[in-house]
Amino acid sequence: MENKNSTVMKLAQTAILAALCFVTFTFLQIKIPMPGGDATSLHIGNAFCVLASLLLGGVYGGLAGAIGMGIADILDPVYILSAPKTIVLKFCIGLITGLFAHKIAHINESTDPKYVFKWSLISCIAGLGFNVIADPVVGYFYKIYILGQPQEMASILAKWSSFSTFVNAIVSTILVAVIYNVLRPALVKSGLLVISHRQHAHA
C-alpha cells in the first residue's frame with residue numbers, strides 16, 4: 001500500500017511539474033523568429049524538467065519535461081512539427097539529470113548540504129549540457145530529414161538554437177540549483193522528500 005501511495009504521489013508531483021514546464025515555456029518565453037516561419041526561444045521550461053528529476057528521479061523528471069514541453073509545442077503553431085523531437089530530448093534531459101543525481105551521487109541518501117548542492121549543480125549541468133549539444137544537432141537533422149527543410153535554413157536555425165539553448169541552460173542551472181536547495185529542507189521536514197538512512201562516503 002505504501003509503495004502504491006508513493007507512486008501516486010510521484011505521479012501527482014510529475015503532473016504539477018509538467019504543468020510548470022508548460023506554463024513557463026508557453027507564457028514566459030521570448031520567441032526569436034527565424035526564416036521560413038520557424039523560431040527559437042529563450043525560456044526556463046527546461047528548469048522544471050531538471051527540478052523534477054532532482055526531486056522525483058530521472059524517469060519522472062523526464063516525463064514531466066516531455067509531457068509539459070511536448071504539449072506546449074503541440075499547441076503552438078510554430079513548434080507543432082517539432083513536438084516529437086522535443087518529447088524525446090526532454091525525456092533524455094530528465095534521465096541524464098536523474099542518473100547523476102540519484103544513481104551516481106545518491107543525493108537522497110545524504111544529509112550534507114554542501115554535498116547535495118555540489119551534486120545537484122553537477123546534475124543540472126550534465127542534463128542541460130546534453131541539451132546544449134543535442135538540441136541543435138538533432139534539430140538540424142530533424143529539420144532536413146524529417147521535415148524536409150533546405151539545408152541552409154536548417155543550418156541557420158541550428159546556429160541560433162545553439163545560442164538560445166546555451167543561454168537557457170545557464171539561467172536554468174542557476175535557477176534550479178537555488179530552488180532545489182532552498183526547497184529541499186522544507187520538503188524533507190514535510191515528508192514529501194524522504195532521506196534514506198543509508199549514508200554513502202562522500203568524495
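Predicted model: local features only at pLDDT ≥ 70, side-chain atom pairs only at ≥ 80, totals over all residues.

Helices (H or I, at least four residues) and strands (E, at least two) are DSSP runs, numbered from the N terminus. Residues are numbered from 1 along each chain as its sequence is written, and side-chain values use heavy atoms, with hydrogens and water left out.

**Entry 1: fold**

I listed the secondary structure and got six helices and two strands. Read from the N terminus, the order is α-β-β-α-α-α-α-α. The radius of gyration, taken over C-alpha atoms, is 17 Å. The globule rule (2.2 Å times the number of residues to the power 0.38) also gives 17 Å for 203 residues, so the protein is as compact as a globular protein of that length. I then boxed the C-alpha atoms along the principal axes and read roughly 55 × 35 × 25 Å.

Next I looked at burial and contacts. Buried means under 20% relative accessible area, exposed over 50%, and partly exposed in between (1.4 Å probe, protein chains only). Of the 203 residues, 47% are buried. A contact means heavy atoms within 4.5 Å. Among contacts with a separation of 6 or more, 75% join residues 24 or more positions apart.

**Entry 2: pockets**

I set the grid rules here. The grid is 1 Å, over the protein atoms alone. A pocket is an open set of points with protein on both sides within 12 Å along at least five of seven lines. A cavity is a set of points where a 1.4 Å probe fits but cannot get out. Lining residues have an atom within 4 Å of a point. Points are joined across faces, edges and corners, and a volume is the space filled by probe spheres set on the points.

The largest pocket has a volume of about 860 Å³. Its lining has 28 residues, and Lys10, Gln13, Leu55, Leu56 and Leu192 lie nearest the centre. Two or more lining residues come from each of α1 (2–28), α2 (45–56), α4 and α6. Which element gives the largest share of this lining? I found α1, with eleven residues.

I sorted residues by class. Ala, Val, Leu, Ile, Met, Phe, Trp, Tyr, Cys and Pro count as nonpolar, Asp, Glu, Lys and Arg as charged, and the others, Gly among them, as polar. The lining of the largest pocket has 14 nonpolar, eleven polar and three charged residues.

The second largest pocket holds about 150 Å³. Its lining includes Ser110, Asp112, Arg184 and Ile195. Both α5 and α6 give two or more residues to it, and α6 gives the most, with four. By class, I read five nonpolar, three polar and two charged.

**Entry 3: the cavity**

How many cavities of 30 Å³ or more are there? I counted one. About 380 Å³ of space lies in the largest cavity. Of its 27 lining residues, Thr40, Tyr79, Lys85, Asp135 and Ser161 are the closest to the centre. At least two lining residues come from each of β2 (39–42), α3 (58–74), α4, α5 and α6 (151–190). The largest share, seven residues, is from α6. I sorted this lining into nine nonpolar, twelve polar and six charged.

**Entry 4: cysteines**

I searched the whole structure for disulfides (pairs of cysteine sulfur atoms within 2.5 Å) and found zero. Cys49 is in none, and the nearest cysteine sulfur, that of Cys21, is 5.7 Å away. Cys49 is buried, at 0% relative accessible area.

**Entry 5: single residues**

I checked His106. Its phi is near 50°, a positive value in a residue other than glycine. His106 sits in the loop between α4 (83–104) and α5 (113–146).

I then turned to Leu11, in helix α1. Leu11 is partly exposed, with a relative accessible area of 46%. From Leu11 to Pro150 I read 41 Å, C-alpha to C-alpha, across 139 residues of sequence.
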